[in-house]
Amino acid sequence: MGPLIPEILSDQWNNIIAILMGIAFGFVLESSGFSSSRKLVGVFYGYDFAVLRVFFTAAITASIGLLFMDYFGWVDMAALDGLPARVWPIIVGGIIMGMGFVTGGFCPGTCVTAIGIGKLDGYVFFGGIILGVFVFSEMFPLFENFYNSSNLGDVTVSEYFNISPYWFTVGISIIAIIAFYVTLQIRKRVKSVEY
Amino acid sequence: MKKRYIFLALVPIVLSVLLAVLPDKSNSIDAKRNQKDLKSAIYTGVTPNNLLLESVNSDRFMQPDELAKVILGQDPSYLLLDLRDSVQYGKFTLPGAINIPYQKILTEENQAIFDSEAYKVVLFSNGTIVSDQVWMVLRRAGIKNLKVLNGGLNQFYQLYLNPPKPAETDPQEAFENYSFRKAVGAHLGLPNPDEFIPGGAAAVQGSTISTGTKPTVKAAVKAAPAKVVVPKKAESGDEGC
């Protein structure tokens, strides 16, 4: 929140805005059906691609929006920092996360949404997250070397390949639209599931 | 339904292409990234806008009374940094202050001082001009946790050697401040201003106290003549604030 319109909104508003955004995020997540684990795992079985669509749309909306705001000088992109790109640890972590996603039927955000509407499996999943965090933290010294390996630093894809971030965003938008179209075709062929 | 999908699909593509062909991106992240030399400045330093905002914010100052409490309490979260030359430093400085003449502030061996986040560095010199300039230079170099002593040593000195006497109608707080300042002055064993500030007697207006302290002030500072009296008075000053 920090870099956004510092002349209008001072830093003291950060927490309030964060709470409002969090409420809005949770509301949208729930109203788009993301508290249902059947809908969430549909992307793995091919009968519902809402997850892919929503997250891909969010990604291109955010990147186009941020680049426009950067262009108008409303937001200081240099002040936004991402996680350092540790290639192999991220790949391994992504696989573990994906396995948890398909078996548990939630991702960390949506399980909280499920708790919000009182789903028991949401509570169980959340307990699992806390347990996993605890186990990971306790065993951290074991993986520490791997965790910090193949670190490329704080780079973006367009920085790493040295291409214009604007044309990169155009490319991502086109890929997103193609993905939407392809998933639509897949869904038509897969037997629809009632849930 | 189908038409709506096509329209929505076109929106991000049109917007992103528009973004790519927009002219004059001199202010954008891409332009900044292409100026390779500036890259480190962008990520470690402070942007001109923020520097301007910070420089007009009074937060960057440390008021003399705050500093007095730090000195009395020997607060380890502040490091006092004297920016004057070593001759002036040798004659008088604040208790616990270290000396880096402002000309040498950016040399490599001095950078370790600014590396730690455990304490704040309070910059001071005779006035505020030099310490303000040093603040600006260090801030541009990306160093945080800096404070400037408001008014510099001159004002600090004046405030504690000859604190402004409150009028009888002033609130209790003003009297407590007054006695606190007197106690601090006594604790610091402030010497005659003639000894260390060029034209000091004129700078410290209406100075009534003239101690016979010699230029070797450090001993006097440590001796702290009124030390027994101080804690009580300082406490009463604390209550008022």
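This is a predicted model: local features need pLDDT of at least 70, side-chain atom pairs count only at pLDDT 80 or more; totals for chains, interfaces and linings use all residues.

**Notes on strand and helix packing**

1. Strand S2 (residues 78-82) of chain B pairs with strand S3 (residues 98-99) of chain B in the parallel sense, over two bridges. Within this pairing, Ile98(B) of S3(B) is the residue opposite Leu81(B).

2. S2(B) has another neighbour to look at: strand S4 (residues 120-124) of chain B, again paired in the parallel sense, over five bridges. Here Leu81(B) has Leu123(B) as its bridge partner.

3. Is S2(B) mostly covered or mostly open? Mostly covered: of its five residues, four are buried.

4. Now to the helices, and a contact between chains. Helix H9 (residues 165-189) of chain A packs against helix H1 (residues 2-21) of chain B, with the axes 8 Å apart and at an angle of about 170°. Because of that angle, H9(A) and H1(B) count as roughly antiparallel. The crossing of H9(A) past H1(B) is left-handed.

5. Which residues make this contact? From H9(A) they include Tyr166(A), Trp167(A), Val170(A), Ile174(A), Ile177(A) and Phe180(A). H1(B) contributes, among them, Ala9(B), Pro12(B), Ile13(B), Val17(B) and Leu19(B). Ser173(A) of H9(A) and Ser16(B) of H1(B) also take part.

6. How many residues of each class does the contact of H9(A) with H1(B) have? There are 13 nonpolar and three polar residues, and no charged ones.

How values were computed
Residues are numbered from 1 along each chain as its sequence is written. Chains are lettered from A and ligands numbered from 1 in the order in which they are written. Axes are lines fitted to C-alpha atoms, for helices over the stretch in contact, and angles run from 0 to 180 degrees between N-to-C directions. Angles under 35 degrees count as roughly parallel, over 145 as roughly antiparallel, 65 to 115 as roughly perpendicular and the rest as oblique. A crossing is left-handed if the near helix is turned anticlockwise from the far one by less than a right angle, and right-handed if clockwise. Two residues are in contact if their C-beta atoms, placed from the backbone, lie within 7 Å. Ala, Val, Leu, Ile, Met, Phe, Trp, Tyr, Cys and Pro count as nonpolar, Asp, Glu, Lys and Arg as charged, and the others, Gly among them, as polar. A residue is buried if 20 or more other C-beta atoms lie within 10 Å of its own, exposed if 12 or fewer, and partly exposed in between; C-beta atoms are placed from the backbone. Two strands pair if DSSP finds at least two bridges between them.
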